[in-house]
Every structure is written in C-alpha cells, then in structure tokens.
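Have a look at the chain below before reading on.

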Amino acid sequence: MDFRILHTADWHLDARFLEEQKGILAWIQARAEGLFPDLIVVAGDLWHTAQELNDQSAVRLGFDAIRALSDVAPVLIVKGNNEHDRPGSISWLTHTKGGHPIVAYESPKRIFLNLDENAFSMEGGDVLIHVVPYPTKAFVQAGMAQAVGIDGSTEEAVKILDAYFKTLGAESMQFREGEFEGRLPGKFVLGVGHFNVGGSVLGNGQTLVSQDIMIPKSSLGDAACDYWALGHIHKQQDFALTHGRARYAGTFFHKDFGELEGKSITVVDMTDASDGKVLVDLTEIPTPSKAMMSIDATVEGTEIGTDVGAGWKDTKLRVRLRGTREALAAVQDRSVEDRFPGAYSYKVERIPSIERDIRSKTIQDRRSFPDQVFDWLEATGKTTDHPNLVRKFAEKTESLYQGENPS
Ligand SMILES: [Mn+2]
C-alpha cells in the first residue's frame, strides 16, 4: 500500500496578509483535491499571532481552510511557537469536523492513521505518527521529561530531547516488527514536528524571535521515522537522517522582504521497496506567491541613484530611499514606480540620513564604526573603564546599521 502526504507548514494566518493568504489557500485547496493525499499536515505556526474574534481577523479564514482541506483527507495540525500559536489556539480545532477527521495537538502525542478507513486511531493502524509540537524549555521539563522518566529540573533540555527521540525510535521499531525483513509491508512511520534542526538554513527574511532549542539531526534520526514533516524554518529544504528523511515544507507565501526563493507545498509519497525498506519521494509544488524584494537607493538632488541592482520584475518591491529630508520630500512615489517598472506591487520608505555631530576628516576616514566611537571618545576628552563593552556595543550598532542580525 502507498501512503501520500500533503505537507504544509508555517501558514502564519493574520489580518495583515489576509487577502493573499485567502487566494493561495483556495489554490492549495484546488490542488489538494487533484492530489488525493491520505493525510494533510500543517506543521505548526498556523497563526501569525493571537487572533481577535471578528470579521477582520484570520480566524474565519483558518477555520474555513482547515474544514475545506478535511473534505479532501484527514488533517493533522501541530502547535508552533508561543509567539505565533498561542497556548489554546490550536487544540480546539480537534473538536471541529469536516468530511474527514481533524486532529490538532499542543503537546507530544502518538497516534495512528488507518489508510483504508481514512481515520485516526489511538490503538493502531497502518501509519504510526509521532507528533512533536514546539518544545520550549518549560514544555520539555513538564511534558517530555515525564514521558521519558527523567527529572526535568536536573537535566539539560537537549539531553531530555535526545532521550525522548530515542524512546520514539523504540516505538517506531516495535511498530515495524514482523515479517518482510523486520518490517510489515504497508506500515509507515511519520514524525510531525515544529522545531529547529541543527544545520538547517534560514531564508533571507526570517529572524528567529525566541531562543530555540537546537535539535541535532542525529537525535531526529534516532526516532527512526521514515519521514519527518517539519515546520519552523520558512525556507523549504530537506535532509537525510541516519534513519529516514526530513523536510521543512516552508511557508506557502512570501512573508518577509528579502524572501526571493520560490514558495511551495510538498507532496510526500511513501512506498514499499522490494527489499523491505520504505522509499520516500518528495515533490515540490510551487505556489503562486510573489517574491518580496527590498532595494536601497540613494536620492541626490531629486534623482534616485543608479546603483540599485536588478531583478525586481514581478516582485513585491520595497524601495528604501535614503537622503536628506529635502531630497526625500522631492521624490514622488510615482517616480519610484517609473524608476522600477514592472514590479507586482510597491512600498516606498523614506529614511532621512543622520547628520553626524563630529565631522572631523580623520574620523570620517576611519573604516569601522567602533573606531569612530573610540575617536569620538578621545576627541571629546572622555574615557571609559570598559573598552571591550564599548567595542561590542559599537560593533552591534554597526551590524544593525548594515541591516545584519547582530547575534
Ligand atoms: Mn513560522
């Protein structure tokens, strides 16, 4: 028997993206109908933030989309980080029902899927599913520590998680036992999780808000799943594990400026190979979402500078104009659109240049901002007992100024 999953993640539903999300979700719904999946996964960050109960929020869109997808196949949702999926914002969906069952979990769970009946079960089935929502430290200590019999207060979260994934692995192996070289045909093991796997690559636009627990690939492999359907990292990517494969499906729409990679949803096909192993085949289906580009341009006089790069065609373009207040005021939004023709949409930001107090030629010529700070200290007769602290601060300020993440 074959097993097909439609793997999505990081929907980030929110009023601010509502129209675009509505359009792409309708597109996903139509594609899902033609794909005949056995299971549809939303691997965390269903919501972008806490939603209000009114017609302007994304609650209606989220509810309608999940219900519509459940007409196609059973739907499984896991909770993402607290910043996005607030406690209690996910589990209630378990109590809703469309054409097929919907389950939504905020804590670790082991469930099964029966492929013939299109139904979840707690007792057994064709597919064993390990559900692992976002593990905060408190969550690890309260929930998983209990599951593996370790006192969370005295163990490192990473060690607990390592032991936890090993217990999942033991369950996976137990589930597989039987004829056919140690594995029953038509039996698959799936992991669904929302967390940061060590070595995964962030997209251009994404910055992680919270301090993540980094889960090593080796731990993930220990769980002995045939496939891990992951959420959390918005750039789609997959990697091999000691046992099975894992993939971040990524966001289905461009959420942040700087996200230039194409967006997609993933079809996962699992089949029995003749040697008793499971073949996992991944197909990316691109979604009709526009890349989000950001261009910095200097305004001199009333002219937008020419060193502005290329590649903005058909993107959602943000143009950040820098210059004196007078120069910026002289540039109309309309002339920005003329200067960058063919973008899908435009957002114009005007950032006035900061006049520096110290205009000494030698200071201006110094290369780095930390050097300038020390020169300024010297020039103004100030001293510091904490030069390292000042340097660190200056370096962070400089990297911020250059738009890098100072971590
Ligand atoms: Mn996310």
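## A walk through the strands

In strand β13, Y248 is the bridge partner of L230. That pair belongs to strand β11 (residues 227-231) and strand β13 (residues 245-248), which pair in the parallel sense over four bridges. Two strands count as paired if DSSP finds at least two bridges between them. Strands themselves are DSSP runs of E with at least two residues, while helices are runs of H or I with at least four, and both are numbered from the N terminus.

Before going further, some housekeeping. Residues are numbered from 1 along each chain, as its sequence is written. What you see is a predicted model, where local features need pLDDT of at least 70, side-chain atom pairs count only at pLDDT 80 or more, and totals for chains, interfaces and linings use all residues.

Back to β13, which has another partner. Strand β12 (residues 237-240) pairs with β13 in the antiparallel sense, again over four bridges. Here F239 stands opposite A246 of β13. β12 and β13 form a hairpin with four residues between them, and G244 in the turn has a positive phi of about 85°.

Now zoom out. Seven strands make an open sheet with mixed pairing, in the order β6-β5-β7-β8-β11-β13-β12. β6 (119-121) and β12 stand at the edges with a single partner strand each, so one side of each is left without a neighbour in the sheet. Neighbouring strands of this sheet are turned by 25° against each other on average, direction ignored; the angles are taken between axes, which are lines fitted to C-alpha atoms (for helices over the stretch in contact), and run from 0 to 180 degrees between N-to-C directions. At the β6 end, three bridges join β6 to strand β5 (residues 109-114), and the two run antiparallel. N114 stands opposite A119 in β6.

Another open sheet has four strands in the order β17-β16-β18-β19, and its pairing is mixed too. Its edges are β17 (303-304) and β19 (345-352), each with a single partner strand, so one side of each has no neighbour in the sheet. Within it, seven bridges join the parallel strands β16 (residues 292-300) and β18 (residues 316-323), and M293 stands opposite L317 in β18.

| Strand pair | Sense | Bridges |
|---|---|---|
| β11 and β13 | parallel | four |
| β12 and β13 | antiparallel | four |
| β5 and β6 | antiparallel | three |
| β16 and β18 | parallel | seven |
| β1 and β14 | antiparallel | five |
| β1 and β2 | parallel | four |

How many of the six residues of strand β1 are buried? Five of them, so β1 (residues 3-8) is largely enclosed by the rest of the structure. A residue is buried if 20 or more other C-beta atoms lie within 10 Å of its own, exposed if 12 or fewer, and partly exposed in between, with C-beta atoms placed from the backbone.

β1 pairs with strand β14 (residues 264-272), where V267 is the bridge partner of L6. β1 also pairs with strand β2 (residues 39-42), and there T8 has V42 as its bridge partner. To get from β1 to β2, the chain passes through helix α1 (residues 18-35), and this β-α-β crossover is right-handed. That label means that, with the strands pointing away from the viewer, the path from the first strand over the helix to the second runs clockwise.

The axes of α1 and helix α2 (residues 59-70) come within 10 Å and cross at roughly 5°. The two helices are therefore roughly parallel to each other (angles under 35 degrees count as roughly parallel, over 145 as roughly antiparallel, 65 to 115 as roughly perpendicular and the rest as oblique). Among the residues making the contact are L18 and L25 of α1 and L61 and L69 of α2; being in contact takes C-beta atoms, placed from the backbone, within 7 Å.

H12 has a positive phi of about 50° although it is not a glycine. It sits in the loop between β1 and α1 and is buried, with 22 other C-beta atoms within 10 Å. H232, in the loop between β11 and β12, has a positive phi too, near 125°, and is buried with 23 such atoms within 10 Å.

Technical notes: Two residues are in contact if their C-beta atoms, placed from the backbone, lie within 7 Å.
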